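Please read them with the structure open.

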Amino acid sequence: MTIIKRKFDVVIVGAGGAGMRAALQLSEAGLKVAVLSKVFPTRSHTVAAQGGIAAALGNVTEDNWHWHMYDTVKGSDYLGDQDAIEFMCRQASEVVYELEHYGMPFDRLENGKIYQRPFGGQSQNFGGAQATRSCAAADRTGHAMLHTLYQRNVRAYTQFFVEWMGLDLIRAEDGDVCGVTALDIETGEVMALLARATLFATGGAARIFNASTNAFINTGDGLGMAARSGIPLEDMEFWQFHPTGVHGVGVLISEAVRGEGGYLLNKDGERFMERYAPHAKDLASRDVVSRALTMEIKEGRGCGRDADHLLLKLDHLGADVIRARLPGIREIAMKFANADPIHAPIPVVPTAHYMMGGIPTNFWGQVVAPYKTGPEEVVQGFYAAGECACVSVHGGNRLGTNSLLDILVFGRAAAVKIIEDLKKNPHHKPLPGDAADKALARLARLDSQKDGENVAQVTATMRKTMQAHCGVFRFPDMLRQGVEKMGEVAKRARQTEIKDKSRVFNTARIEALELDNLIEVAMATMVSAEARTESRGAHARDDFPQRDDDKWLKHTLYFSEDRRLDYKPVRLKPLTVESFPPKARTY
Amino acid sequence: MKELERARWRCRRGLLELDIVLQRFIDEYYSGLGEMELRQFEALQDLPDNDLWDMIALKKERINSDPQPVLHLLQTIAAFQETKIPGNKYGTKT
């Protein structure tokens, strides 16, 4: 089968904050840029980010990037690479001012400067008083950022391919990346998009879990494509869980509820957080509260027929307070839990929220892998930025407001690097003869599969398996069984069958292809988690409750082909300042 | 051709809240919509995520907008899981 080929200077997969920040830089530099997105760009998951962008502007209280760097290193539980963290924190002010000049409607102080608010994990003087570092546009910072970047891209003539799905990477014989194959959802047509640089900015993949705050589009397509082409995935055992997602649907109930005085109850009506965190109680940090909920459920004190959730009570606040201060939360509870919090508690469970791991990159967004001689060889022509990448600035645990910063800094850094690299590589590499074989084989398999598995059923089994065996709190037996079970689920996923074989707008086919990607992410997560015998950041093991820096101060690399693990050292040496040596993480 | 699939795909949004409510709307009401309601639904889908969600959840309607039966349907959709309904099952000892 011959397929259509088109040539660009740069192809970007994903049109969230990272992809659009990079696209803007590249288009303004006069390069021919194609951006692929499964949905209209302003409907990317970046719109869900509410908290703000961390930058030590010092507009409200004294601040500097070095304090921000300390907080980020400590928050990462010392798994973050300190060169990348210094790079990010030093550039934070600049990328925020740049965004301001693009027209981002930041909230303002009376003196006209950008308003900043305090956020958990932000400190002054290396762990001292609370810092005020988050730049926000009301509670819709991500939304404002995405719309601002989209408008600027339209002005810069970035070419968007809307409702296109990336299928597989195209790699030359020497391993260099020379583009992607992609599917036009509207026509069902497959195209090879050839590029001198290929950037993945495909976002997160928390849809591997049964309880997830992520939108349906977050299926880890970039990770799946990278893994299938031999690129390892880094630190996939690290997922941040939010303690209060609505049971059964995942929609987030913000920390504001507990801030206003709401608290959690088990089936005996006990306020159990008093046992786990006597001081902070229900306001303890996310990982502490999430683990407590998991323990209550595991020990049989969960609520409901299946004893599988806890209750968030706020009726004692009174109808007036709830109506005045938590109107959005009340609507969410009524719509998604059939509970009016004025009268009844909200059923909640810890819910997967953010992926700290991803495609390994350096702080210029270049994908690095141990595929030739060294552990961090640059994969020529291939870049990644945003949640799909593991730079790693978040290490074992991400701080709030550092994700929007991550996408701005590394979206821009990748673009700067691409512009520089393309000056050295003025020509496209010759297209390998088998460029589209992998993608076409997957499509052909789907077309010819008989007596196969139902996509929705396999997806549901995967999500339940991940939730039960590799959730917030991890147990050795469950992890071992989980690896086996996921192996079976992966086998079933290779035999999925779709009834609709047509080409035009075949969403059944898209969902089957998304499952291929989810399976790669899920398998990487389970295998990596089973192997890491310590607790660090968001990875909490029952049998190894302590962090073990002697054995585990290192990054995991998972290779899909033979489900092999490798490790590489954490980059403890920053660019210009002294290293922050690992110490106990207390708040 | 494939209008239902197209409409369903375009219910994929940046916010999980909208994913759930819009998919539920498609399942329950889409096949019964008339010409005018289809156009209303498409107009609503063109709104930015946060604006649309505010209109559905907080009943923030834009001034001067025509009465929109489709929006009212979206506002009344119950998006919880059917099997978990009885409110008292979650009841506490308070």
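**Notes on the predicted model**

1. Start with strand β23 (residues 554-559) of chain A. Five of its six residues are buried, so the rest of the structure largely encloses this strand. Please keep in mind that this is a predicted model.

2. Which strands pair with β23(A)? On one count, strand β10 (residues 233-234) of chain A pairs with β23(A) over two bridges, in the antiparallel sense. Within that pairing, A:Glu234 has A:Leu557 of β23(A) as its bridge partner. Strand β24 (residues 564-569) of chain A also runs antiparallel to β23(A), and six bridges join them. Here A:Tyr558 is partnered by A:Leu565 in β24(A).

3. Look at the turn next. β23(A) and β24(A) make a hairpin, with four residues between the two strands. A:Arg563 sits in that turn and has a positive phi of about 50°. For background, most residues other than glycine have a negative phi.

4. A three-stranded open sheet in chain A has the order β3-β5-β4, with antiparallel pairing. β3 (53-54) and β4 (116-123) of chain A are at the edges. Each has a single partner strand, so one side of each lacks a neighbour in the sheet. Four bridges connect β4(A) with strand β5 (residues 130-135) of chain A, and the two run antiparallel. A:Ser123 is opposite A:Gln130 in β5(A).

5. Two further backbone points concern positive phi. A:Asn125 is not a glycine, yet its phi is positive, about 55°. A:Asn125 lies in the loop between β4 and β5 of chain A. Is A:Asn125 buried or exposed? A:Asn125 has a relative accessible area of 52%, so it counts as exposed. A:Tyr157 likewise is a residue other than glycine with a positive phi, near 65°. A:Tyr157 belongs to the loop between α4 (141-155) and β6 (159-162) of chain A. With a relative accessible area of 73%, A:Tyr157 is exposed.

6. Check one peptide bond as well. The bond joining A:Val391 and A:Ser392 is cis, with omega about 5°. A:Ser392 is in the loop between β18 (389-390) and α11 (402-424) of chain A. In general, most peptide bonds are trans.

7. A:Gly17 is part of helix α1 (residues 17-28) of chain A. A:Gly17 counts as buried because its relative accessibility is 1%. What does A:Gly17 contact, leaving aside its neighbours within four places in sequence? The contacts are A:Thr46, A:Leu146, A:Leu149 and A:Ile407. A:Gly482 is 465 residues away from A:Gly17 in sequence, and their C-alpha atoms are 34 Å apart.

8. Now the interface. Chain B and chain A bury about 4,000 Å² between them, with 58% of that on carbon and sulfur atoms. Chain B puts 43 residues into the contact and chain A puts in 55 residues.

9. How many salt bridges run between chain B and chain A? The count is eight. One of them links B:Asp51 to A:Arg140, where the closest N and O atoms are 2.9 Å apart. There are also 19 residue pairs in polar contact between the two chains, both residues at pLDDT 80 or more.

10. On the side of chain B that touches chain A, the elements giving two or more residues are α1 (3-9), α2 (16-29), α4 (49-57) and α5 (69-76) of chain B. α4(B) gives the most, with seven residues. By type, that side of chain B has 18 nonpolar, nine polar and 16 charged residues.

How values were computed
Residues numbered from 1 in each chain as written. Chains lettered and ligands numbered in written order. Predicted model: local features only at pLDDT ≥ 70, side-chain atom pairs only at ≥ 80, totals over all residues. Heavy atoms only, no water. Contact = heavy atoms within 4.5 Å. Buried area = accessible area lost by both parts, 1.4 Å probe. Salt bridge = Lys/Arg side-chain N within 4 Å of Asp/Glu carboxyl O. Polar contact = N/O pair within 3.5 Å; in protein donor to acceptor, adjacent residues only side chain to side chain. Nonpolar A, V, L, I, M, F, W, Y, C, P; charged D, E, K, R; others polar. Buried < 20%, exposed > 50% of the residue type's maximum accessible area, 1.4 Å probe, protein only. Pairing = 2+ DSSP bridges.
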